[in-house]
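My notes follow in the order I made them.

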Amino acid sequence: MNIINQMKLSFVSKSVNESFARASVAAFVLPLDPTVSELSDIRTAVSEAVTNCIVHAYPDKKGIITLTAKLTDQRKLIVTIRDKGKGIEDIDKAMEPLFTTSTDERAGLGFAVMQSFMDKVRVRSEISKGTAVTLEKYISSSDDQR
């Protein structure tokens, strides 16, 4: 599998940057001519991953979120969202639907949403060092869409 294009963005963990990240990845994948549904899935998953960084990685301060995206010659999009925040104590527990460590009215569905819209979701985390969420999705070819 060869990388045919890639990008990297870094931005402050502010809520206004969630839409920037979502729109940037959506624009980046356009050369593969995704369906409206695929594009919506990607936007939603990226939005959830970035929101997790904003809310959970840096709850009491602002930090940097780094987003990388790659397109492969096999029509696969790979997006990694990284932070250098507080990390996740128990990844398996965090990925359970309805689990949240937030004290506000969060639903605890972020990882479940990411998993439902992407082909693969991987999470790596270290306490006090940060978290990386990698999202993968194959984009159907125009022949598949017919």
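I began with aromatic pairs and counted one in this predicted model. The rings of Phe11 and Phe20 have centres 6.1 Å apart. I then looked up the accessibility of both partners. Phe11 has a relative accessibility of 6%, so I put it down as buried. Phe20, at 38%, is partly exposed.

Next I went to the largest nonpolar core, which has 35 residues. Which residues touch the most other members? I listed Val46, Leu67, Leu77, Val79, Ile81 and Leu135. Strands E1 (3-12), E2 (64-72), E3 (76-83), E4 (120-126) and E5 each supply at least two residues of this core, as do helices H1 (16-29), H2 (36-57) and H4 (110-117). The most comes from H2, which gives nine residues.

I finished with Thr134, which lies in strand E5 (residues 130-138). Is Thr134 buried or exposed? I noted a relative accessible area of 3%, so Thr134 is buried. Its side chain makes a polar contact with the side chain of Thr80 at 3.1 Å. Beyond four places in sequence, Thr134 is also in contact with Ile78 and Val79, and with Lys120, Val121, Arg122 and Arg124.

How values were computed. Residues are numbered from 1 along each chain as its sequence is written. This is a predicted model: local features need pLDDT of at least 70, side-chain atom pairs count only at pLDDT 80 or more; totals for chains, interfaces and linings use all residues. Side-chain values use heavy atoms; hydrogens and water are left out. Helices (H or I, at least four residues) and strands (E, at least two) are DSSP runs, numbered from the N terminus. Buried means under 20% relative accessible area, exposed over 50%, partly exposed in between (1.4 Å probe, protein chains only). A polar contact is a pair of N or O atoms within 3.5 Å; within protein, one must be able to donate a hydrogen and the other to accept it, and residues adjacent in sequence count only if both atoms are side-chain atoms. Contact means heavy atoms within 4.5 Å. Rings of Phe, Tyr and Trp (its six-membered ring) pair if their centres lie within 6.5 Å; planes under 30 degrees apart count as stacked, over 60 as edge-to-face and the rest as tilted. A nonpolar core is a set of buried Ala, Val, Leu, Ile, Met, Phe, Trp, Tyr and Cys residues joined through side-chain atoms within 4.5 Å.
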